[in-house]
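Subject: Two-chain model for you

Hi,

Here is the model I promised to pass on. Could you load it and keep it open while you read my notes?

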2 protein chains.
Amino acid sequence: MNRHLVISSDGHAGLPPERYRDYLDPKFREAFDLALPIQLERTAQMEKLFLVDEINAGWRQGRERALSGAWDSDARNEVIDSDGVAAEVLFPDGITERNAPPFGAGFSMPSEEVVPELQWAGSRAHNRWMAEFVQMAPERRVGLACVPVLWDISEAVREVHWARENGLRGVILPAMWGAQPPYHHPRYDPFWAACAELKMPVHFHSGLAPTQDYFGAAAAGEAPTAPPPGAMGIYVTEVVWYVVRPLTFMLWGGVFERHPTLGVAITEGTTIWVPEYLHLLEQRYAETHYSQKLGDYRSHLSMSPVDYFRRNVRLGASCMPRREAELRAEIGLSNIMWGTDYPHPEGSWPHTREQMINAFCGLPEAEVAAMLGGNAAAFYGLDVEKLAPIAARIGPEKSAFQRGAQGAP
Amino acid sequence: MNRHLVISSDGHAGLPPERYRDYLDPKFREAFDLALPIQLERTAQMEKLFLVDEINAGWRQGRERALSGAWDSDARNEVIDSDGVAAEVLFPDGITERNAPPFGAGFSMPSEEVVPELQWAGSRAHNRWMAEFVQMAPERRVGLACVPVLWDISEAVREVHWARENGLRGVILPAMWGAQPPYHHPRYDPFWAACAELKMPVHFHSGLAPTQDYFGAAAAGEAPTAPPPGAMGIYVTEVVWYVVRPLTFMLWGGVFERHPTLGVAITEGTTIWVPEYLHLLEQRYAETHYSQKLGDYRSHLSMSPVDYFRRNVRLGASCMPRREAELRAEIGLSNIMWGTDYPHPEGSWPHTREQMINAFCGLPEAEVAAMLGGNAAAFYGLDVEKLAPIAARIGPEKSAFQRGAQGAP
């Protein structure tokens, strides 16, 4: 084949807010009708407060059809065809396109000031819709279920079974835990066991961070007041850290020791932190003068945290820049799964082909193939035979990656 | 001179707990008498819980005289003479040698479950003692005042004036803020102004982290129960992040824009994170596709956060390993201030000379001189003339740094 099989590790899909009503357990529809106008008003207020309402309107202008791919199956296939993408991992949406699931479900899944029963209801509404959406193009869609596992482990186990039976292929969990026990706690073991048994990888997606620290009252949804200076700069500097934190807890907590086949993906968190992170883990794992004063903290692990990372962890490398591609050996060639982040405005669409070529051109073809699709196909157990005709039709030509790098668009 | 002037950016000093009573405002002595046995019992319990009581006892065995340098002026001078150290920056102590100031003052200064009035009282007791301790060898001791600024800005301004008038040369602040506003908030401006005016650099020292996340009930001082597996591994992996966080808030908050002469030191946080951190700041500061959706977050800054870092920030590089020394250009040659961490067991003492030679040998002599002492002398405005005879007597010979690197002890 003279074209690459491309699997985006980072796509977002979700309904316009009002249309989630039909997917909601009827007993929550009254609450939904009360919450919806508040949710819409708050989103609009936040856009004004952060001076992004005009930017977002400009982004949508003339792109209405393509952006409706967030929920419209045909529109989505047109877009990913034009992007050269054969298949996608589908996270819930949020923020920019205003189509987050109800009641604070979605990829952020806040862990504070939440009514757990409602967050579960909103997650289930999304999962029901996502199962339908996947069925419209099952070979091209790896749908993820929202699972607010913090609130009820048994419910979470049932939900991952439901998701698997209904064609979903992984789960997304809250990346922050508020006052609940973090992910090194043994209470989560039954859930990890179910995910490992059912081959449902666990995902953490970048976005959540302690915004109350940055924005103060503005973040708590109180009357809009200007946040302290620099709030957004701090957010964009810190946000990657918070999507990696769950992994730190799982690695040291021995989760991959007890569940050797459990997969975890860290998505849209960049990959540039990986080499230094692994170095730090290795150093801390080694017996050092420093660690002696802190007692035994490694005898429950039979391997170094770095070994678990290499085996169990994958990186959703959204819009991977060339600098990171050049560090692929240190990051881990087989850990990298390239992604587009469509339909978010910070994603590569509608410049995906140019961006991927600029990131990867001149690198060995087999390595490019692994990062663009092979690693994801293996991680999610996808049927490559079924995807081959699609890739042969719309995939980027391998020859396009043979030239040298040029300036990104 | 054929010897280096060495200034350690990281020393710890503090009284045995019961002796702080004399330095405490009399009205808090009753509370002190109640709190002391609880504090001692809890320290002992924690040492048992983390299986370090025997390790710590082994560390102290036969070193009683040298470790009494934590509070004994003559013993301290003997130790730092033997280490080749002419002068030191003096933080409060804590943990290992069991001589933290009372009421949760000290370098950790927790921000939750604290009685602010008592934390202030404990800090003042330490500051009064530290002022005396500095006076016993003023040219060799850069004493820092504990300032729990979270609780009262006006009090903090008064304390920094008191500290300056009493011979102290900088302040240490809480590295975490709990539910109080973080350091980008304009409420701290009068305090930053006072520190800049009085040439009192602000310090954040590694150690504090969200231990409740790691250890659960064990961290909250409840009945000792075994923490979840991996708790300490997570702590040692995350702890550096938490000492850098205040800096992220100050840089983006424009603190160095409004207070261009304010100095900040980040101590015992390693320096290995610096190159990637600066790259991230630079990338986030640049106008990018990503940042556009988030509005304007940089127009209050006239320079890049990296420029403020180079100008205003110094790194207390305790026991700097050779790997970091080799990255000194990327970290910032003039930002690095080497340190020993005496008398902590993870510090370089009693192998300081070997360690510093292994870290720096073969590097250009002027660069070694800057990292070992020159940068610190400039940052703290020390009188190098007064230190020269001490360095000439006990400093490490420059010729010892001319050989190649060997295995560290």
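Below are my notes on the sheets, the helix packing, the interface and the salt bridges.

First, the ground rules. This is a predicted model, so local features need pLDDT of at least 70 and side-chain atom pairs count only at pLDDT 80 or more, while totals for chains, interfaces and linings use all residues. Residues are numbered from 1 along each chain as its sequence is written, chains are lettered from A and ligands numbered from 1 in the order in which they are written, and side-chain values use heavy atoms, with hydrogens and water left out.

Sheets

Chain A has an open sheet of 8 strands in the order E1-E2-E3-E4-E5-E6-E7-E8, paired in parallel. (Strands, at least two residues, and helices, H or I and at least four residues, are DSSP runs numbered from the N terminus; two strands pair if DSSP finds at least two bridges between them.) At the edges of the chain A sheet sit E1 and E8 (336-339), each pairing on one side only. The twist in this sheet averages 30° from one strand to the next; angles run from 0 to 180 degrees between N-to-C directions, and axes are lines fitted to C-alpha atoms, for helices over the stretch in contact. E7 (residues 313-318) of chain A is joined to E8(A) by 4 bridges, and A:Ser318 has A:Gly339 as its bridge partner there. H5(A) packs on the sheet, touching E1, E2 (87-92) and E3 (141-146) of chain A, and its direction makes about 170° with that of E3(A). (Contact means heavy atoms within 4.5 Å.)

Chain B also holds an open sheet of 8 strands, ordered E1-E2-E3-E4-E5-E6-E7-E8 with parallel pairing. Its edge strands are E1 (7-12) and E8 (336-339). In chain B, B:Gly316 stands opposite B:Met337 of E8(B). Helix H13 (residues 305-312) of chain B lies across E6 (264-267) and E7 of chain B, at about 65° to E7(B).

Helix packing in chain A

The axes of H5 (residues 116-135) and H6 (residues 153-165) of chain A come within 12 Å and cross at roughly 10°. That makes H5(A) roughly parallel to H6(A) (angles under 35 degrees count as roughly parallel, over 145 as roughly antiparallel, 65 to 115 as roughly perpendicular and the rest as oblique). Residues making this contact include A:Trp120 and A:Arg124 of H5(A) and A:Glu159 and A:Trp162 of H6(A).

Between the chains

54 residues of chain A are in contact with 54 residues of chain B. The two chains bury about 4,900 Å² between them, 63% of it on carbon and sulfur atoms; buried area is the accessible area (1.4 Å probe) that two parts lose on being put together, summed over both. H9 (residues 231-253) of chain A and H9 (residues 231-253) of chain B pack at about 175° with axes 11 Å apart, which makes H9(A) roughly antiparallel to H9(B). Among the residues that meet are A:Trp241 and A:Phe249 in H9(A) and B:Trp241 and B:Phe249 in H9(B).

Salt bridges

Over all chains there are 30 salt bridges (a side-chain nitrogen of Lys or Arg within 4 Å of a carboxyl oxygen of Asp or Glu), and the count between chain A and chain B is 6. A:Arg245 forms one with B:Asp213, with the closest N and O atoms 3.2 Å apart. Within chain A, A:Arg21 bridges to A:Asp33 at 2.8 Å between the closest N and O atoms. A:Arg21 lies in the loop between E1 (7-13) and H1 (29-49) of chain A and A:Asp33 in H1 of chain A, so the pair ties together parts that are 12 residues apart in sequence.

Cheers
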